[in-house]
Protein chains: 2
Amino acid sequence: MANAHDVAQLAGVSVSTVSRALTAPAQVSSATRERVLAAAERLGYTPNPTARGLRLGRSHTLGLLVPDLENPYFASVTKGVQARARAAGYPVFVADSEEDPTAEPGLVAQFARRVDGIVLASPRSDDDTLRKAVAQLPVVLVSRDMVDLPSVAVDDADGIAQVLGHLHALGHRKVGVAAGPATSWSGARRLDGLRVAAERLGDVTVVELGSFRPYFSGGFAAADHAVAQGVTAVVAFNDLMALGILDRLRGRGVKVPQDVSVVGYDDVDVATLVSPALTTVRVPRTGLGRRAVDLLLSWLDTGHVDDRALASARHRLPAELVIRDSTGVPPA
Amino acid sequence: MANAHDVAQLAGVSVSTVSRALTAPAQVSSATRERVLAAAERLGYTPNPTARGLRLGRSHTLGLLVPDLENPYFASVTKGVQARARAAGYPVFVADSEEDPTAEPGLVAQFARRVDGIVLASPRSDDDTLRKAVAQLPVVLVSRDMVDLPSVAVDDADGIAQVLGHLHALGHRKVGVAAGPATSWSGARRLDGLRVAAERLGDVTVVELGSFRPYFSGGFAAADHAVAQGVTAVVAFNDLMALGILDRLRGRGVKVPQDVSVVGYDDVDVATLVSPALTTVRVPRTGLGRRAVDLLLSWLDTGHVDDRALASARHRLPAELVIRDSTGVPPA
DNA sequence: CGGCGGCTTGGGATCGATTGCAGACATCGT
DNA sequence: ACGATGTCTGCAATCGATCCCAAGCCGCCG
């Protein structure tokens, strides 16, 4: 592999000039510049990123930390991060903490010396850990808020309000909610949103069915509670749980949406692959990733957290209700 | 951030000694070694990976290139790669080519200077591109064969033979196969395997229903063909297509498995989330990723492709038939 | 015609580690 | 007691770029 010295020799100039011809063309006479460029072209020269990184103290590289790559939600976030970073010429280190928050500090530390900044999707780890991470290098949070840190999140309160509005319009007046893990940041946010929306509507009763595991299996228990409470609609923490509810209801001979309506959250691909197709809330998952990278890169460029960027980050990304076949008018 | 010089100063030794205390402890007297280690500990010193990479010509870093991170298959492969690499202390650059084979050479080139080797999951790009990639740095292929390159793949022929054996044992004698894209390497392999298995069994007719898109929607057309041909069982190219078939059959009032049995391939999570739960073939997807990293690391360690490793790679990873509710005895 | 300023260019220090080489010192045998 | 051998340590080169500083050269102005 050719280096700057080889190019210099071929072009009959010094290494300094080669470097300048590439990074600060204005400082080099056009004649020399072209000679250097031609030589570089001929040798297929590209500056060694490691050497450049050492000298500049910047690796021109980003890191991404997610709890589980097989979770479609984070797969999409990863895809978005990846796409935007690639467009900006930044390769991305991806690490999967395997749902283990205690592994995160170690991974952040491993990243710290190799990347210029990291995107952290860590719904479960505590504030303290996060704060320590940020002390080491620029960090942008995804789907998670912290007053003094840049973050991108979805407007869950609005999303869930759309859901309740939809159900209300159909005529539902007694709606069950199957919550997720108590520790989930966004789960708490959605529950709040639901209560606020219900209060605004006035004539809707929200029945808390309980807290369930955010997986297919968690939906079984939720379905049984829903039937027991006699609600006409169930709002689930996420799509997987909603699918479990659908399955369980079918098993018990309860018809969806004739007897009970079911709504999910996230709009994972599977939502369209079941019958009835699931009414759910689409969140811009790749958009979260892209936005996070935008924020991070602007931070790196300006050297500080841009207040305007921070403010616009507070303005959450919109969620969108997607109405399919699992919701309908309640039984008479 | 502390560097070797700081540690040296604190411990009252030279930088060389610091370096040696950490990388070649035997060459340093135990007294000094402990002094150095204590100093390093106190300052929280970690060798700068960039500087080390420059000097050694090794970045201690791997790359992974996949066509689509949102595809559960590649998400799992990525997870496997990630897990094994992490255990070995290698961070992983992940790039998503967005299903665009022409983007791959560029991404490989971007990686080339930054990583020690790459894992390439590229079912669609041509041999020539791959060969050029390998000229630049060590590459291990996933789910794709090339005689002179290390690769890991699944024993699809055996997997599909298990499927046909299962159907045969249930009594099916006329089995339809819904193939995937003609360009798919592993698809061709499965089709071959099916023919061979049918021949061995003797009294089974395999009806080729045609070539369909490997998505949910592709299954609709396949289902119609299956009904038209009067087969008692359908083997689909992958799970998504099988789910489409299930949906279409249900829509047409054809009962699964009473009237027709359906089998998928891959065992994606969704397979258990539908009714009837899908009989399918589980392929060790994270295992592929792990194995690929093993191969790559041994290549990097030894400096050449280990013949024994290559041979053991030829020995494909086992596929496993998972029998659920979408297969049963054919109608009388 | 001398000097000053601007434009180009090269020399060499620098980033932070690793490592060959050689010097310092101790140990051991004779 | 002296040389040989071995152990431990430091000096300095090295990886490949970037960039400060100074030098060379040109033209222009007084």
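Predicted model: local features only at pLDDT ≥ 70, side-chain atom pairs only at ≥ 80, totals over all residues.
Which helices of chain A and chain B each supply at least two residues of the surface near DNA strand D?

**View 1. The surface near DNA strand D draws on both protein chains.** The helices to look for are H2 (15–23) and H4 (49–56) of chain A, joined by H2 (15–23) and H4 of chain B. Among the 25 residues around DNA strand D, those that come nearest are Asn3(A), Ala4(A), Ser16(A), Ser19(A) and Thr32(B). Sorted by class, this surface has 11 nonpolar, 11 polar and three charged residues.

**View 2. Chain B meets chain A.** Here 35 residues of chain B are in contact with 35 residues of chain A. On the chain B side, two or more residues come from each of helix H4 (49–56), helix H5 (72–87), strand S2 (92–96) and helix H11 (239–251). H5(B) gives the largest share, eight residues. By class, you will find 17 nonpolar, 10 polar and eight charged residues on this side of chain B.

**View 3. A four-stranded open sheet in chain A carries packed helices.** Follow the parallel strands in the order S7-S6-S8-S9, with S7 (205–211) and S9 (261–263) of chain A at the edges. From one strand to the next, the twist averages 20°. Helix H10(A) (residues 218–229) lies across S6, S7 and S8 of chain A, at about 145° to S7(A).

Technical notes:
Residues numbered from 1 in each chain as written. Chains lettered and ligands numbered in written order. Contact = placed C-beta atoms within 7 Å. Nonpolar A, V, L, I, M, F, W, Y, C, P; charged D, E, K, R; others polar. Near = placed C-beta within 6 Å. Pairing = 2+ DSSP bridges. Axes fitted to C-alpha atoms, helices over the stretch in contact; angles between N-to-C directions.
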